[in-house]
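Please open the model in a viewer and keep the selection panel at hand. The tour below moves from one selection to the next and states what is found at each stop.

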Amino acid sequence: MARCNVCFRHCEIPEGKVGFCGARICEDGIVRAANYGVVSALALDPIEKKPLNRFMAGSRILSVGSYGCNLRCPFCQNSEISWSKEALRMASQAMQVTPRQLANTAAYYRSEGNVGLAFTYNEPLIGYEFVRDTAKLVHEAGMVNVLVTNGTAEVEILDEIAPYIDAMNIDLKGFTDRYYEDVLGGNRQTSLRGLCRSVMWN
């Protein structure tokens with residue numbers, strides 16, 4: 001058994017099992033991202049769809065998602081690829097890529113107006129290792145990285161990826177602790193810390 005320190009849950013994960021998010025697994029007493037390199041969705045989107053309307057407006061960005069999430073929002077538009085039972089069951093059959101392959105794919109679509117890579121669709125921070133490794137290569141290619149997140153990761157995780165992220169959308173999904181806990185199964189204070197930390201990056 002090992003403790004995951006990525007988000008507020010600090011799941012104690014038995015050997016061979018996954019935490020609440022469905023994407024972090026305990027193997028040999030170490031917690032790692034089981035969704036590393038697993039792609040459940042890939043699309044070339046208008047950057048405004050992230051939604052970002054003052055960052056490289058009018059451009060397009062290659063958007064990538066995996067599976068797993070540490071919230072259970074009843075209004076989630078991507079639950080079928082993120083945290084539903086079907087999503088977690090089908091995860092082993094999803095496409096797998098390396099950070100280099102994904103960065104090269106982003107560069108390939110420059111000719112179609114692509115400016116970089118957006119980590120979105122599921123909660124990218126629960127697989128922050130893949131975000132970090134891929135985003136670094138995207139930067140080396142002279143392109144940008146966007147993060148669409150619920151912000152409920154520990155500050156240390158946010159700081160580790162900060163050098164590689166150019167723009168963020170942190171979804172504050174409610175305004176009371178009770179709403180976060182009762183409706184989303186989350187923690188509003190962690191989201192607020194994430195928001196404050198991202199402002200400090202600038």
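A salt bridge is here a side-chain nitrogen of Lys or Arg within 4 Å of a carboxyl oxygen of Asp or Glu. The model is a predicted one, in which local features need pLDDT of at least 70 and side-chain atom pairs count only at pLDDT 80 or more, while totals for chains, interfaces and linings use all residues. Residues are numbered from 1 along each chain as its sequence is written, and side-chain values use heavy atoms, with hydrogens and water left out.

**Salt bridges**

Select Arg132 and Asp133: these two residues form a salt bridge, with 2.9 Å between the closest N and O atoms. Asp133 has a relative accessible area of 25% and is partly exposed; Arg132, at 22%, is also partly exposed. The classes are buried (under 20% relative accessible area), exposed (over 50%) and partly exposed in between, with a 1.4 Å probe and protein chains only.

Elsewhere, salt bridges that share partners join Asp45, Lys49 and Lys50 into one network. Within it, show the side chains of Asp45 and Lys50, which meet at 3.0 Å, N to O. Asp45 is buried, with a relative accessible area of 5%, and Lys50 is buried with a value of 5%.

Next select Arg3 and Glu12, another salt bridge, whose closest N and O atoms are 2.9 Å apart. Arg3 is partly exposed at 49%, and Glu12 is partly exposed at 43%. Over the whole structure, the search finds ten salt bridges.

**Helix α3**

Select residues 99-108, helix α3, and colour Pro99, Leu102, Ala103 and Ala106, which are buried. These residues lie on the same side of α3, because they cover an arc of only 100 degrees around the axis; the arc is that of the directions from the helix axis to the C-beta atoms. Helices (H or I, at least four residues) and strands (E, at least two) are DSSP runs, numbered from the N terminus.

What do the buried residues of α3 pack against? Display β6 (41-46), β7 (60-65), β9 (114-119) and α4 (128-140), which are their partners. Contact here means heavy atoms within 4.5 Å.

**Pocket and cavities**

On a 1 Å grid over the protein atoms alone, a cavity is a set of points where a 1.4 Å probe fits but cannot get out; a pocket is an open set with protein on both sides within 12 Å along at least five of seven lines, and lining residues have an atom within 4 Å of a point.

Turn to the largest pocket, which holds about 550 Å³ of space. It is lined by 23 residues, and Gln77, Asn78, Tyr121, Val148 and Asp171 are the closest to its centre.

Then select Ser66, Asn122, Pro124, Phe130 and Val131, which lie nearest the centre of the largest cavity among its 16 lining residues. The volume of this largest cavity is about 130 Å³. β5 (38-39), β7 and α4 each supply at least two residues of its lining.

For the last stop, show the second largest cavity, with a volume of about 100 Å³. Cys4, Cys7, Cys11, Cys21 and Arg24 are the closest to its centre, out of 13 lining residues.

Conventions: Grid points are joined across faces, edges and corners, and a volume is the space filled by probe spheres set on the points.
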